[in-house]
Amino acid sequence: MGYKNKKYQKDLTQQINDRLTMMLHAGEGTSKKEAIANGTERDKIFSYSTYESYFKHCKYFSRYVRENHPEVKNLNQAKKYANEWLQSRVDNGGINGKTLSAWTITLEREALGKLYGIRPDDPNFFSAPKRYRADIVRSRGDAVRDGHFSEKKNDEFVKFCKGTGCRRNIMEKLEGRDLITRAEIDREITLWEKQTRTEAEEKHLNALKDTVKQFPDQDYFLHHRKDKGGRERYSPIVGDNKQQIVDRMKSTAPHEKVWKHVFGNSDIHGYRAEYASTVYRLYARPLEKIPYDRTNKGTGKKFQGDVYTCRKDKAGKKLDRAAMLKASKALGHNRIEVIANNYLRWL
């Protein structure tokens, strides 16, 4: 018969895992929008990828506390060193001494904020460095790791990524059955509209309808069965290599993976940016043809509501807001600011 060792106590890493796991509500139908509305979002994590990211960086925090404050044995005691650790990350960089970007510091601040329930606007919480688009190094030009991946030798893979905009996790699990035509989407919509639907089936129908609404002129799509945040969506296949991509999908058995191996050194984020730019160009109108459809309450003058004006290092550059939304939807986002800041680079 076993017995409980009263001297045993979980270390900081185990305590962090327990606390973050309790917050994880991915796949439970918990609405992030509703949680924000009722003020409970600080107690919840809505996706596995977010949980994994937070846990990874919180473990760095626990290591720092263990090495610099060995007397600390629980999370509550460690809380007072949160600001100290974040400042050390700014001053000293990562484990290998490499300077950390403002994005990484902000992520680590968010991770600790989630762990301890600290609100982002808390005046006593560490202030992360400001983030500037000009400082982004991810997928900007050639990186050292790119030398281990030949775009020439993997030409079909690169063209596939640029024509579909898939995230890495989707590329790893994409199957032959995930190709769907516009005609098939129309038939599914008609079928589901005639039936009584469950909540999950209603979400599926809405995803189909949104695809038709956003991309009425496209004829081939990829079905993202479980994209970021567990969401289902459809993205159009576009670009000069569209037929090659469609042929690849058609030649793959329904439950067979389209790509047996997804190259770790491939710049998939960069390919998504090129995809976003392609989609934008497909739908962007000449700015002079966008109607003056709104009126400024102060001056009484009409202005173009569908013209988006960029800020910061691209200040003054104007883009078609409606085309930006389509590009954002094609990538699996819903906010045009995301693609304005991170994806539309070749315009």
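Which helix lies across strand 1 and strand 2? The legends below answer this and describe further close-up views of the predicted model.

**View 1. Helix 9 against the strands.** Helix 9, which spans residues 182–193, lies across strand 1 and strand 2. The helix runs at about 75° to strand 1.

View 2. The three strands are arranged in the order 1-2-3, with antiparallel pairing. Strand 1 (179–181) and strand 3 (233–236) are the edge strands, each pairing on one side only. On average, neighbouring strands of this sheet are turned by 40° against each other, direction ignored.

**View 3. The pairing of strand 1 with strand 2.** Strand 2 covers residues 220–224 and is joined to strand 1 by three bridges. These two strands run antiparallel. Within this pair, Ile180 stands opposite Phe221 of strand 2.

**View 4. The largest nonpolar core.** This core has 32 residues, and those with the most contacts inside it are Ile185, Val279, Tyr280, Met324, Ile339, Tyr343 and Leu344. At least two core residues come from each of helix 9, helix 10 (199–214), helix 12 (268–283), helix 13 (321–331) and helix 14 (336–342). Helix 12 gives the most, with six residues.

**View 5. Two cysteines, Cys58 and Cys310.** Cys58 counts as buried because its relative accessibility is 0%. Cys310 also counts as buried, since its relative accessibility is 6%, and the limit for buried residues is under 20%. A search of the whole structure finds zero disulfides.

Definitions and conventions. Residues numbered from 1 in each chain as written. Predicted model: local features only at pLDDT ≥ 70, side-chain atom pairs only at ≥ 80, totals over all residues. Heavy atoms only, no water. Pairing = 2+ DSSP bridges. Helix = DSSP H or I, 4+ residues; strand = E, 2+ residues; numbered from the N terminus. Axes fitted to C-alpha atoms, helices over the stretch in contact; angles between N-to-C directions. Contact = heavy atoms within 4.5 Å. Disulfide = S-S within 2.5 Å. Buried < 20%, exposed > 50% of the residue type's maximum accessible area, 1.4 Å probe, protein only. Core = buried A, V, L, I, M, F, W, Y, C linked by side-chain atoms within 4.5 Å.
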